[in-house]
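The sequence and structure come first.

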Amino acid sequence: MAGLTLSEKIFTRASKKEVRAGEFVMADIDRAMVHDITGPLAVKGFYEIAGEDAKVWDPEKIVILFDHQVPADSLAAAENHIMLRKFAKEQGILNYDIFEGVCHQVMPEKGHALPGDLIVGSDSHTCTYGALGAFSTGIGSTDMASVFATGKLWFMVPETLRLKAEGRLQRLVTSKDVVLRMIGDIGADGATYRACEFAGSAVSRMSVPERMTMTNMAIEMGGKAGLVDPDETTYRYIEERVERFNREIALHGDGDAVLDERMWEVSDLPPQVAVPHNVDHVVPAGDLAGTKIDQVFLGSCTNGRFEDLALAAEVMRGEPLARGVRMVVIPASRTEYMKALRGGLVETFMEAGATVESPCCGPCMGGSFGLLGDGEASLSTSNRNFQGRQGSPKARVYLSSPATAAAGAITGEINDPREI
């Protein structure tokens, strides 16, 4: 009989029986996460399911973070924060509150995502944690209420689509460009309910932050999860964050497992940009040369890590922002912000004329600040460019890598960063 994929092995462990793609299972959850937008509904649903005096199944396996509306930007947001603080205190749940940053950065960097884990979060980009070899997926707040009560959830074990990137990336071409190209070729629904497993020689050479960019965007091609089979790079990342980490808990896919596979040769891949208003409308950055922009957003759970900020600073080379362009820089977490601060990047961006904000989602979800007005265009390192996503429905959002965004910041238009 054929071997098992990484996803099948994770569900086999979580459901305590051997399972294969297409089967329905009731699986044990290793970790659950909610944030300030989705958490209140999950809490309300939990008490409706379990009763007013109920306790969650395991408070040590639940994490709460505030990142979408922080600091509170309305009375409603403040009330949601109060509700979640009270719930966390009463239940004994770890609550990072407003202090640590974007959930999808904080969860891995604080050691809450390990190889072989089955993780759920009430946010679609929970798939990010699969960069560490976990099966991590977004669920609705009602499903999360059930998880709070039981620690279990129904799943259909997904088929696996292996996305192989072979070759060596050119200078200023990044994992964001690779995953944008994949999404452009596969389409927004090309991997619906599949486990998107990123592999190949190019992925093997990527750091964990680079891999997180790719798994973060698995949902943009319809994927149920994004994964990278754990390797030495994975282990080093985790061992810096988790005491007494046991490598033997990691699971690996079998070489003879049944899966679909697609391959990209990326050695000659140019920087890519997703054009409004669809993430799968992807073209080479050079094809858009001269396209004027009003704002650059450098940050988000996709590209808000120190490595992303450092690359952008390298491209900008101390040049000021182009006249008429504003730039919003948001490190993905307090840890990444402090790295940027100690590395002189905050000063570099501010001297260029940018606004550097504390860690949060910011304009990514059209929340607190940095919104676009009618007719404006933004070049953004985030993960979605849907109409109205970052403000006015009459605005346009282009998605790119940090290098391409930085080139736009100092030229006032979209360009291939290798050519400025």
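## Pockets, helix packing and backbone

The largest pocket holds about 330 Å³ of space. The model is a predicted one. A set of 23 residues lines this pocket, and nearest its centre lie Leu169, Val173, Thr174, Ser175 and Glu210. The largest share is that of H11, with 4 residues. Sorted by class, the lining has 8 nonpolar, 7 polar and 8 charged residues.

The second largest pocket has a volume of about 190 Å³. Its lining is made of 14 residues, and those nearest the centre are Val208, Pro209, Tyr237, Glu240 and Arg241. Here the elements with two or more lining residues are helix H4 (103-109), H8, helix H9 (232-239) and H12. H9 gives the largest share, 3 residues. The classes in this lining are 3 nonpolar, 3 polar and 8 charged residues.

Is H8 mostly covered or mostly open? H8 is mostly covered, with 8 of its 9 residues buried. The buried residues of H8 are Val208, Pro209, Arg211, Met212, Thr213, Met214, Thr215 and Asn216. Of these, Val208 and Pro209 are also listed nearest the centre of the second largest pocket.

Helix H11 covers residues 306-316 and helix H12 residues 334-342; the angle between them is about 35 degrees and their axes are 9 Å apart. The crossing of H11 past H12 is right-handed. On the H11 side the contact uses Phe306, Glu307 and Leu309, which meet Glu336, Lys339 and Ala340 of H12. By class, this contact has 3 nonpolar and 3 charged residues, and no polar ones.

Turning to the backbone, most peptide bonds are trans, and most residues other than glycine have a negative phi. The table lists the exceptions described here.

| Site | Feature | Value |
|---|---|---|
| Val70 to Pro71 | cis peptide bond | omega near -20 degrees |
| Pro276 to His277 | cis peptide bond | omega about 0 degrees |
| Arg244 | positive phi, not a glycine | phi about 55 degrees |
| Arg317 | positive phi, not a glycine | phi near 50 degrees |

Where do these sites fall along the chain? Pro71 is in the loop between strand S3 (62-65) and helix H3 (75-91). His277 is in the loop between strand S12 (272-274) and strand S13 (282-284). Arg244 belongs to the loop that runs between H9 and strand S11 (260-265), and Arg317 to the loop between H11 and strand S15 (326-330). Arg244 has a relative accessibility of 75% and therefore counts as exposed. Arg317, at 51%, also counts as exposed, the cut-off being over 50%.

One further residue is Glu419, in the segment after helix H14 (402-411). Glu419 is exposed because its relative accessible area is 65%. Between Glu419 and Trp57 there are 55 Å in space, C-alpha to C-alpha, and the two are 362 residues apart in sequence.

How values were computed:
Residues are numbered from 1 along each chain as its sequence is written. This is a predicted model: local features need pLDDT of at least 70, side-chain atom pairs count only at pLDDT 80 or more; totals for chains, interfaces and linings use all residues. Side-chain values use heavy atoms; hydrogens and water are left out. Axes are lines fitted to C-alpha atoms, for helices over the stretch in contact, and angles run from 0 to 180 degrees between N-to-C directions. A crossing is left-handed if the near helix is turned anticlockwise from the far one by less than a right angle, and right-handed if clockwise. Contact means heavy atoms within 4.5 Å. Ala, Val, Leu, Ile, Met, Phe, Trp, Tyr, Cys and Pro count as nonpolar, Asp, Glu, Lys and Arg as charged, and the others, Gly among them, as polar. On a 1 Å grid over the protein atoms alone, a cavity is a set of points where a 1.4 Å probe fits but cannot get out, and a pocket is an open set with protein on both sides within 12 Å along at least five of seven lines; lining residues have an atom within 4 Å of a point. Grid points are joined across faces, edges and corners, and a volume is the space filled by probe spheres set on the points. Buried means under 20% relative accessible area, exposed over 50%, partly exposed in between (1.4 Å probe, protein chains only).
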